[in-house]
Amino acid sequence: MLNSKQIMERGRDALKGNWGKAAIFTLILVIAILVVSGILDVDNFVKEPVYPDPSKGIEGDLSTLPAYVLLGLGFALISTILWNAVSVGEAKIFIHLVDNGEFNWKHITHGLHKLGRNTLSVLLYTLVLTCALGLIGGGIIFVTAFISTLTSHVSETAGIVIFVIGAVILAGIAGFFLYKFLPTYIMLFMKLALDDKVKSVPAIKETFHTVAPYNWEFCCLSLRFTGWLLLCCVTCGIGFLWVSPYMSASFYVFYKECIADQENYSNDEVLTVSTEK
């Protein structure tokens, strides 16, 4: 496995001669996202319901609430489907760039080839993580609040301390989940772009088993981009047009290294078993 500095160097090498195309692609992608978000706005189609507030003399009008909620859910689903398709297509573009040194715009449509599988894969993984984190977080908040209530009559300070401890534990769990499962989420798009035959659940499992052993390496790689992301803020987001392709190319190099390392490990195991026999 290459270290994070070497992976970033490989990413930069792949982008040589293609920085301009990559930046224009990122700009077009950002504009498209903003345009689609503006179009898929419920307020453009249904009047927002007004909730009653007697203290301010507002009677309210909830007649549009069902349509507002249903349309909002529908637009959210459409946005998710489009975003997943574009993300897989984007992954395919940078896969082709790293492997062949060519920035091929046509690969952006690759995510449409297996649209149902791509959407289901990402939705399943997101849903499982959200539910797991929500249940654990909700449980900690409930227990912390309950203990805080019991101890509040003894000491207000004790209640505050317990609440803070619960908040720290919750933040720690959230951090652990990001460390453990975020790399798989990002690399899942690479897996879907590389393998048209794999189905939704196997894609998640295979990506997790490939990437999870190298979560620390992914964390180190991500942290090396912190300075570049801060530079994006200083440049009012303009730097993101170049940093985003840089990250995408580097992440694919990382994913290739994970696959190669796993294959080498498997081959070593086979060689060891054969030698012992």
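Student: Why is V69 called partly exposed?

Tutor: V69 has a relative accessible area of 40%. Buried means under 20%, exposed means over 50%, and partly exposed is what lies in between (1.4 Å probe, protein chains only). The value for V69 falls in that middle range, so V69 is partly exposed. V69 sits in helix α3, where helices (H or I, at least four residues) and strands (E, at least two) are DSSP runs numbered from the N terminus.

Student: What should I know about the model itself?

Tutor: This is a predicted model, in which local features need pLDDT of at least 70, side-chain atom pairs count only at pLDDT 80 or more, and totals for chains, interfaces and linings use all residues. Residues are numbered from 1 along each chain as its sequence is written, and side-chain values use heavy atoms, with hydrogens and water left out.

Student: What makes I162 and S222 partly exposed?

Tutor: I162, in helix α5, has 22% relative accessibility, so I162 counts as partly exposed. S222, in helix α7, has 26%, so S222 also counts as partly exposed. As for distances, the C-alpha atoms of I162 and F146 are separated by 10.0 Å, at 16 residues apart along the chain. Those of S222 and S250 are separated by 9.7 Å, at 28 residues apart.

Student: How do you know that C236 is exposed?

Tutor: The relative accessible area of C236 is 72%, so C236 is exposed. C236 is found in the loop between α8 (226-234) and α9.

Student: What is the phi of C236?

Tutor: C236 has a positive phi of about 60 degrees, although it is not a glycine. Most residues other than glycine have a negative phi.

Student: Why does L15 count as buried?

Tutor: The relative accessibility of L15 is 0%, so L15 counts as buried. L15 belongs to helix α1. Beyond neighbours within four places in sequence, L15 is in contact (heavy atoms within 4.5 Å) with A22, F94, L97, P245, Y246 and A249. The C-alpha atoms of L15 and V98 are 7.8 Å apart, although 83 residues separate them in sequence.

Student: Is T184 buried or exposed?

Tutor: At a relative accessible area of 1%, T184 is buried. T184 lies in helix α5 (residues 156-194). Not counting residues up to four places away in sequence, T184 touches Y125, I204, T207, F208 and V211.

Student: Why is α2 called roughly antiparallel to α3?

Tutor: Helix α2 (residues 19-39) and helix α3 (residues 65-100) pack at about 175 degrees, with their axes 12 Å apart. Axes are lines fitted to C-alpha atoms, for helices over the stretch in contact, and angles run from 0 to 180 degrees between N-to-C directions. Under 35 degrees is roughly parallel, over 145 roughly antiparallel, 65 to 115 roughly perpendicular and the rest oblique. The angle therefore makes α2 roughly antiparallel to α3.

Student: Which residues make the contact?

Tutor: From α2 come F25, L29, I33 and V36, and from α3 come L82, W83, V86, E90, I93 and F94. They divide into nine nonpolar, no polar and one charged.

Student: What makes the F218 and F251 pair tilted?

Tutor: There are 15 aromatic pairs in the structure. In this pair the ring centres are 5.2 Å apart and the planes at 35 degrees, so the pair is tilted. Rings of Phe, Tyr and Trp (its six-membered ring) pair if their centres lie within 6.5 Å, and planes under 30 degrees apart count as stacked, over 60 as edge-to-face and the rest as tilted. The pair links distant parts of the chain, from F218 in helix α7 (residues 215-223) to F251 in helix α9 (residues 240-276), 33 residues apart. F218 is buried at 5%, and F251 counts as buried at 9%. Together with W19, F225, W228, Y246 and F254, the two form one aromatic cluster.

Student: Which residues of the largest nonpolar core touch the most other members?

Tutor: Of its 48 residues, they are F94, M187, M190, F251 and F254. The largest share of this core, 10 residues, comes from α9. A nonpolar core is a set of buried Ala, Val, Leu, Ile, Met, Phe, Trp, Tyr and Cys residues joined through side-chain atoms within 4.5 Å.

Conventions:
Ala, Val, Leu, Ile, Met, Phe, Trp, Tyr, Cys and Pro count as nonpolar, Asp, Glu, Lys and Arg as charged, and the others, Gly among them, as polar.
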